[in-house]
Amino acid sequence: METSWINTASALQDFANVLICWKCRSKPVSPVRFTNCGHFFCSNCIKSATKCIRCNVPVQASEIKPDHLVSRLIQHCDVIAEIIHKRDIWDITTDASNIPIDNISVILSTPKKQGYTPMKNINKQNHIGETPLHRACLQNNAEQVKHLLLLGANPNTKDYAGWTPLLVKFGLYVLFYITLQQETVNFGYTEICKLLLNCGALPNITGIKNRSPLHEAAKRNKIEEAKLLLHYNADRNQLDQYGKKPIDYCGKSEKMRQLLMDLPRTPSEKVSDLNQSLDKSIRTGCDKFVVLASNLKLENQKLLRLVATRHRFKILTTYKPSVTHVIVETNEKNITTLTLDVLFSIVSGSWLLNSEWIRLVEDMNDDITNVDLEVFEINGAPTLDIPRKARLNSECQNPRLFNNCFFYFALQANTTYHIADVKFTKDILIKLVKEGEGTVLTREPDPEDLKDISQVIPFHTANNSSHPLHKCTHYIIYVPGRKTGDPLIKYNMPHIKSLPLVWLIECIEKFTLVDPTYLGLC
């Protein structure tokens, strides 16, 4: 009688799953263990590692030891596999159709097996900025959504109107016809909403008019979706560009009002841990490199060119919106001086790294996207923690610094202005403001005309009603003492102010709309 070995095969597979390398997700080759945390990997998978890939505990070379126990266990597993004729125990594959929603995020947050390559153009956008994941959500195709997420689709990609797959959307397709479309929350696709949130979709991400998914769920009385968003830590106090909270859109729905007022925020520990894990995975790496080399030493410039050739990424010498990483020199405190490149990096939320990153990736043969970039992020420029603050704002896909701000530059076009050691022209200042999502006016605004305009609130003062610039949307920027720049009338009204150029640069340096009284103004 032939033995089926069903129970043995199942137990053996479970054991093999425990023994696989935590980076390549394959059978460990020459396994080594981190003695400080106990996690083990293939020896080649953690070459040049400064942290444990699984738990982020710092590790030194002396703390990496060959793991003979794991080696022997692998050998014994192979022997048993031969006996029971199960030779595929190290072939760890996933089938989207059999993966529960609650488990898919665990797969996504673990490193992929060796030889894994994401689907080409998985996040490619069409003529209106929609990705395949957007379209799968629109079609209410949960299996396709699950499949795309497993292939590496980004749940937080915005289309050209500023909408992610999670956000509600009434948009217009304009091609040869116009058709009304709605997205995930709007259709009440609770299952897909849960899938997206479970796989890293940001619950407080903003869309049109700075409304969050919870605003849209409240507006359309989607009770179940609102409960789900609150479970994933959606902020009931988040304000849109009119200073309204989600509860302000409840209308006559008393049930929604009670939900947003009274439901205690008690997300499960599992969800909190998952969000932290996914957030960490988003923040510590990047799958795209367009590097701006800013005032690097000659030796670092040469080294960077070699690294770029090996790892096939692009180096620029002047800032462009496509820049993802700016590499600078720093002092012993990991602080850099303020330059034009640094200002553009802050206002756009790019990674601002010290030149030590070049030396690390020089010795790497692995994918450099696995490097923990926070290790090389500069501390200040020169204000402490501002580069990180600006970058996190960008990665959360919040509006940029000058969102809902309108600027008129009372400056000469062909004049160079100096703030500290940085030189500015009017054109450069216009580019800085536009990079921060500000609007540049070609005519000086009339305060009387603005009174009749529906007032919006800048995103970065919306949650602070006591801020002097809480409702200030229009700014006239001038240079004191210059006959052609100093305006005849200086406005100091709640919605429009005349402020010197130094205030604008200070806002970028500190990544906030600075209280003018801080600079002795107004």
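Cys-472 is buried, with a relative accessible area of 0%, where buried means under 20% relative accessible area, exposed over 50% and partly exposed in between, with a 1.4 Å probe and protein chains only. The model is a predicted one, in which local features need pLDDT of at least 70 and side-chain atom pairs count only at pLDDT 80 or more, while totals for chains, interfaces and linings use all residues. Residues are numbered from 1 along each chain as its sequence is written, and side-chain values use heavy atoms, with hydrogens and water left out.

**Cysteines**
- The whole structure holds zero disulfides, a disulfide being a pair of cysteine sulfur atoms within 2.5 Å.
- Cys-472 is accordingly in no disulfide, and the nearest cysteine sulfur, that of Cys-405, lies 7.5 Å away.
- Cys-42 is likewise buried, with a relative accessible area of 4%.

**Helix H1 and the segment before it**
- Trp-5 is found in the segment before helix H1 (6–19), with helices (H or I, at least four residues) and strands (E, at least two) taken as DSSP runs numbered from the N terminus.
- Trp-5 is partly exposed, with a relative accessible area of 32%.
- H1 has 14 residues and spans 20 Å from its first C-alpha to its last, close to the 20 Å expected at 1.5 Å a residue, the expected span being 1.5 Å times one less than the number of residues.
- The buried residues of H1 are Ala-9, Leu-12, Gln-13, Ala-16 and Leu-19.
- These residues cover an arc of only 120° around the axis, so they lie on the same side of H1, the arc being that of the directions from the helix axis to the C-beta atoms.
- Exposed Asn-7 and Val-18 sit on the face of H1 turned away from its buried side.

**Backbone geometry in loops**
- Most residues other than glycine have a negative phi, and most peptide bonds are trans.
- Ala-381 and Pro-382 are joined by a cis peptide bond with omega of about -10°, and Pro-382 is placed in the loop between helix H14 (356–362) and helix H15 (386–395).
- Asn-233, whose phi is positive and near 70°, belongs to the loop between helix H9 (223–231) and helix H10 (254–262) and is partly exposed at 25% relative accessible area.
- Arg-312, with a positive phi of about 60° although it is not a glycine, is in the loop between helix H12 (298–311) and strand S7 (314–316) and is exposed at 76% relative accessible area.
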